[in-house]
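Subject: Structure handover

Hello,

Here is the structure for your files. Please open it next to this email as you read.

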Amino acid sequence: MSGYSPTLEALIEKFRSLPGIGSKTAVRLAFHMLNSSADYVKEFAECILEAKIKTTTCKICQNLSDTDICSICDDLTRDHGLICVVENAKDIATFERVKEYRGVYHVLHGAISPMDGINPEDIRIKELIARVTGEDVKVHEVILATSSNVEGEATAAYIAHLVKPFGVLTSRLAYGIPVGGELEYADSVTLFKALEGRREM
């Protein structure tokens, strides 16, 4: 027995089901909500629901967006011929913190992992190839910024193999990103150096 009412226990369990949230944090969050005003809780719930309903993917880069075309793809001052390929939408925020990268992005929404049942057709590779081969924009370089773990390396190698026949330079992030490391944990200086020293594949 937890000592909590069934209603409170259900709320705690919902928080506990979130990634990275342990039992103590779940209890703390649940009590925070109970001690907050009804208006705050309603606004919080509506914000979650609105994000779920309104968030879609950009038709060009597959980034999360509230509109058909995200603000980055809609920015004419950026180099649309330079595409940085990332696994997840949250990786874009990591690159944007650097403030030195002026190209655009492509979000795969995952990495190839046959052991987990994730094959090339399960992520947004065909959309990337469509951009590379399309006539709207002349793509001159694809930067493969997938994670440096086994899945990320396999995904980068697979994409490089597909892109090379089209005469487009494919490069990989260089030193600074530890083997097995996730992009979201890289600091701005490290990521800038990795971009600056990227190597051709």
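My notes on the fold, the cores, the rings and a few loop residues follow.

First, the ground rules. This is a predicted model, numbered from 1 along each chain as its sequence is written, in which local features need pLDDT of at least 70, side-chain atom pairs count only at pLDDT 80 or more, and totals for chains, interfaces and linings use all residues. Side-chain values use heavy atoms, with hydrogens and water left out.

**Overall layout**

The chain has 7 helices and 7 strands. The order from the N terminus is α-α-α-β-β-β-α-β-α-β-α-β-α-β. Of the 201 residues, 37% are buried. Buried means under 20% relative accessible area, exposed means over 50%, and partly exposed lies in between, with a 1.4 Å probe and protein chains only. Take the contacts (heavy atoms within 4.5 Å) between residues at least 6 apart in sequence: 55% of them join residues at least 24 apart.

**Strand β5 and its partners**

Start at β5, residues 141–144. E141 and I143 point one way from this strand, V142 and L144 point the other, and all are buried. Strand β3 (residues 79–86) pairs with β5 in the parallel sense, over 4 bridges. Pairing here requires at least two DSSP bridges between the strands. Strand β6 (residues 169–172) also pairs with β5 in the parallel sense, over 4 bridges.

**The cores**

In soluble globular proteins, nonpolar side chains tend to be buried together. The largest nonpolar core here has 35 residues, and C84, V85, V142 and I159 touch the most other members. A core is a set of buried Ala, Val, Leu, Ile, Met, Phe, Trp, Tyr and Cys residues joined through side-chain atoms within 4.5 Å. Elements giving two or more residues to this core are β3, α4 (90–98), β4 (103–107), α5 (125–133), β5 and α6. β3 gives the most, with 5 residues. A second, separate core holds 6 residues, including F15, A26, A30 and M33.

C84 deserves a look. Beyond its neighbours within four places in sequence, C84 is in contact with F95, Y101, V104, Y105, H106, I143 and A145.

Next, α5. I125, L128, I129, R131 and V132 are its buried residues. The buried residues of α5 pack against β3, β4, β5 and α6.

**Aromatic rings**

There are 5 aromatic pairs. Rings of Phe, Tyr and Trp (its six-membered ring) pair if their centres lie within 6.5 Å; planes under 30 degrees apart count as stacked, over 60 as edge-to-face, and the rest as tilted. F95 and Y101 make a tilted pair, 6.2 Å centre to centre with 55 degrees between the planes. Y101 and Y105 make a tilted pair too, at 5.2 Å and 55 degrees. These ring pairs link F95, Y101 and Y105 into a cluster. F95 and Y101 are both buried, and so is Y105.

**Loop residues to check**

Most residues other than glycine have a negative phi. Q62 has a positive phi of about 70 degrees. It sits in the loop between β1 (56–57) and β2 (64–65), and at 6% relative accessibility Q62 is buried. H109 also has a positive phi, near 60 degrees. H109 lies in the loop between β4 and α5, and is partly exposed at 31% relative accessibility.

C58 is in the loop between β1 and β2. At 1% relative accessibility, C58 counts as buried. Its C-alpha atom is 5.5 Å from that of C70, 12 residues away along the chain. Leaving aside neighbours within four places in sequence, C58 is in contact with N63, S65, D68, I69, C70 and C73.

Best wishes
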